[in-house]
Amino acid sequence: MQNSINIKIGGPAGQGVKSIGLILDKMFMRSGYKVFGYTEYPSLIRGGHNTYQAYAGSESAFAQKRRLDMLIALDQGTIAAHQDELDDKTLVIFNQDTLKVAKTRGVLLPFPINDLIKKADGLPVMANIIALGAVCFLSGLEPEILANLVKETFGAKGNEMVKKNTACVKAGYNFAREKLAQYAIKLDPPAKKEKQILVTGNEALALGAVSAGLKFYSAYPMTPATSILHSLVHWAKKYSLVVKQTEDEISAINMALGASYAGARAMTATSGGGFALMTEAVGMAGIMELPLVIVESMRSGPSTGMPTWHSQADLRQVLHASQGDFPRAVLAPGDMQECFDLAREAFYLAEKYQLPVIILSDKYLSESMQSVPAPAASWQNKRYGFANADFNKAAGKNNEQPFKRYALSSGGISQRSVPGQSGGAYLSNSYEHDEFGYATEEAEMAVAMNDKRSAKFIELAKEVGQSRPRIFGGQSADVSFISWGSNKCPVLAALDLLKEKNISANFMHVNYIWPFPKEAVSQFIKNSKRIINVECNASGQFAGLVRQETGLKIKENLLKYDGRPFYAEDILTYVQH
Amino acid sequence: MYNTKIKPTFCPGCGNYGIKQALQSALEQLDLKPHQAVITYDVGCNSNMADFIYAYGFHGLHGRSVPSAAGIKLANHKLPVIAIIGDGAFYSEGGTHFLNLMRANHDVTVIVHNNHRFSLTAGQYTSTTEEETITVTSPAGVIEEPVNPIAVSLVNHATFVARGFAGDVKHLTDLIISGVKHKGFSLIDVLQPCVIWNKEQSYEWYKKNIYYLKKADSKRQRALKDALNEKKLAVGVFYQENKPAYHEEFPALIKKPLVYQDIRKIDIREVMKEFG
């Protein structure tokens, strides 16, 4: 028996690698397993080498693993490209009618796919579906679950197509049952059955944002942030959202800030290059004290870099973007659940502290799939910081004089009015300003306003500081990892591998990056016997931040910057050697 | 009613005085109280007006304030939104927003203080400065041809295209009133003398070189004739067309403005079905 299964599908773009992968993931999820799906693809529309990896676990699915239980090759290149991921037991499934496989690791399972398709009255394009049926049997899952998924997926194409696809599923399933039964993998049953949903990080973020009362979203398409725009535009009618694709990222953020000024909860999203264009307006949100949620989903850089590949090299960019000093918050979700939770948190912090909150995601989170417990159906939201949160009513009694929008007070948070409210007229100003918002160059007022904004950061740090970074694997261990963002996925998977090897290890996951959780990080590092910083960039940006904030230098840095995320095995190998 | 306590700092004789006066008198004639309109400002001498006008204001980034104006309108479409901006900001730094917001027909009235100079940074040429003009950054004369904002707007789907003159406040006031009343994007390019950095185009020069259009045309091609007149500058409304404004095409905005929609309780059950 084994408690997880790891399957990869490989083929050229346009052959439905991703859609088949999605069905595979859902098949496991609906069977009660925890699921993680990871995809790799080049920046083009047709051709190239695409893969989808489905990992399912009976107890957990933190991340895909390197070693494959099954490889489904839709083209010749797939088998050669993934030799390193195969061992003697890996089942290699391929079409014996179209592929010639000379030498490979693993157990070769040639399928007479053309023949099976013919008998099932299917179409040549359904080779994938035959493979799906076989995987279903070889993983010990109920074929009805797969049949239902096929019906849902192809239902829109008409009954005839559903019939053909269903027949192909059966053909694959039956062929495997009759001829390949000895290769079937004995997978533990799911440990706990609960209602789950399967989401990408981007979908989880979009869902979290909608639940938090997002009303205005403006963005310009940029991989890997684009699918947030796709989700939101798809839901715009249902949730009464304004979703606007703008002429560029500069327009996107300036428009979102206009909407925020007018009182709507607003968000924009982009990748590193688009964020660079937004930079000037990030500072405007700072000085105008406008709430804004900005998602920066990192990809390989610098410059255009490798557009469809993973990286975590924009940490310093988001921490320092824009001229001048002003408070901001940076949150880095570690998995799909955190994408949802931190999106909600971002809207709360942005509105309460009246500042830009950056959610730092990456390609790995944005486009991978993970099953999470189904979130609650209904969500409550409060409004913060308005002189009168009923926008139909007056913000103040006096409509003859400007409203003191930037009133100086301890704690730095001052009340807002929104346009249309009587007694609330003021100037929201990108220039340094007085308490009404009018421009000032007076030394004393400049200091007072800087101090006002800084005070908000101190309050924010107090509140955020309470949510200490989480430690996994116990308070003390022989090996300690510290990391941030999406590395949570492979590091948690690595903790399991280390446990199997009897190596005691723990892990501090930092997801509230700024304000920085100084004390917790400092204490964790001081308590550790061997501390290893894990991140996906070349210069150890997080390690630098740790040193800046705590004075502690981490000697061991496990860095990766080849466009691929860490695999649990990489981390295990590093620890052992 | 629309004055703050701050005294305008425009140079004596600056065209901005006339534009400010026209704007305030338009607000008055439109019967808008200070809390019933939003004015966005860019960066430049013109936009220093932000401190002198009492109303809801948004003093944004150089060249980028009109996207903010569009965002404000989409968030609360019951409010008239007026954008104050200069030629350097709208036709140069923010050129892409000029092209794209116009064709989207966002319901924003954009008043461009066109003095053909970057005046606040001390007199450099802009994208509307005439060819061969000598400025601090073009000692041998400007090499480029100037942008013709009226002609560009006419061929790029703007639904209200007008030009005013800062020296004719009454006429400009009427243009602003028409622009605000117009449902959709209105461009009001204003010929603005800069008495410090642009000696060539003085009040007297403009008075000699402008002529008044009788009424708005309904055909873009006919209107282009006046827009392309190289000898004299036409002022007035070149073209006007009735067409749904951008915000009128959004299902989310049919019932009420976005900011008045309740977010206290959100149910995500429906979308979660996609992920089961």
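**View 1. Burial and pairing of A:Lys488 in the predicted model.** A:Lys488 is buried, with a relative accessible area of 7%; buried denotes under 20% relative accessible area, exposed over 50%, and partly exposed the range in between (1.4 Å probe, protein chains only). Its side chain meets that of A:Asp335 in a salt bridge (2.9 Å, N to O), a term that requires a side-chain nitrogen of Lys or Arg within 4 Å of a carboxyl oxygen of Asp or Glu. A:Asp335 also counts as buried, at 12% relative accessibility. The pair links distant parts of the chain, 153 residues apart: A:Lys488 lies in helix H15 (residues 488-500) of chain A, and A:Asp335 in the loop between strand E12 (329-331) and helix H12 (336-353). Helices (H or I, at least four residues) and strands (E, at least two) are DSSP runs numbered from the N terminus. Elsewhere, salt bridges with shared partners join A:Lys34, A:Lys192 and A:Glu194 into one network.

The model is predicted, so local features need pLDDT of at least 70 and side-chain atom pairs pLDDT 80 or more, while totals for chains, interfaces and linings use all residues. Residues are numbered from 1 along each chain as its sequence is written, chains are lettered from A and ligands numbered from 1 in the order in which they are written, and side-chain values use heavy atoms, without hydrogens and water.

**View 2. Salt bridge between A:Glu152 and A:Arg30.** The closest N and O atoms of A:Glu152 and A:Arg30 are 2.8 Å apart. Because A:Glu152 belongs to helix H5 (residues 143-154) and A:Arg30 to helix H1 (residues 17-30) of chain A, the pair ties together parts that are 122 residues apart in sequence. A:Arg30 is partly exposed, with a relative accessible area of 30%. Over all chains, the count comes to 36 salt bridges.

**View 3. Salt bridge between A:Arg67 and A:Asp69.** These two side chains meet at 2.6 Å, N to O. A:Arg67 is partly exposed, with a relative accessible area of 30%, whereas A:Asp69 counts as buried at 7% relative accessibility.

**View 4. Negative surface patch on chain B.** B:Glu130, B:Glu131, B:Glu132, B:Glu144, B:Glu145 and B:Glu230 gather in a patch of negative charge on the surface; such a patch takes residues with over 30% relative accessible area and no salt bridge, like charges being joined within 9 Å. B:Glu230 is found in the loop between helix H8 (220-227) and strand E10 (233-240) of chain B, and is exposed, with a relative accessible area of 80%.

Key:
Patch = residues over 30% accessible without salt bridge, like charges linked within 9 Å, V, L, I, M, F, W, Y side chains within 5 Å. Areas by Shrake-Rupley, 256 points an atom, 1.4 Å probe, with all protein chains shown as cover. Lys, Arg positive; Asp, Glu negative; His and termini not counted. Charge placed at Lys NZ, Arg CZ, Asp CG, Glu CD.
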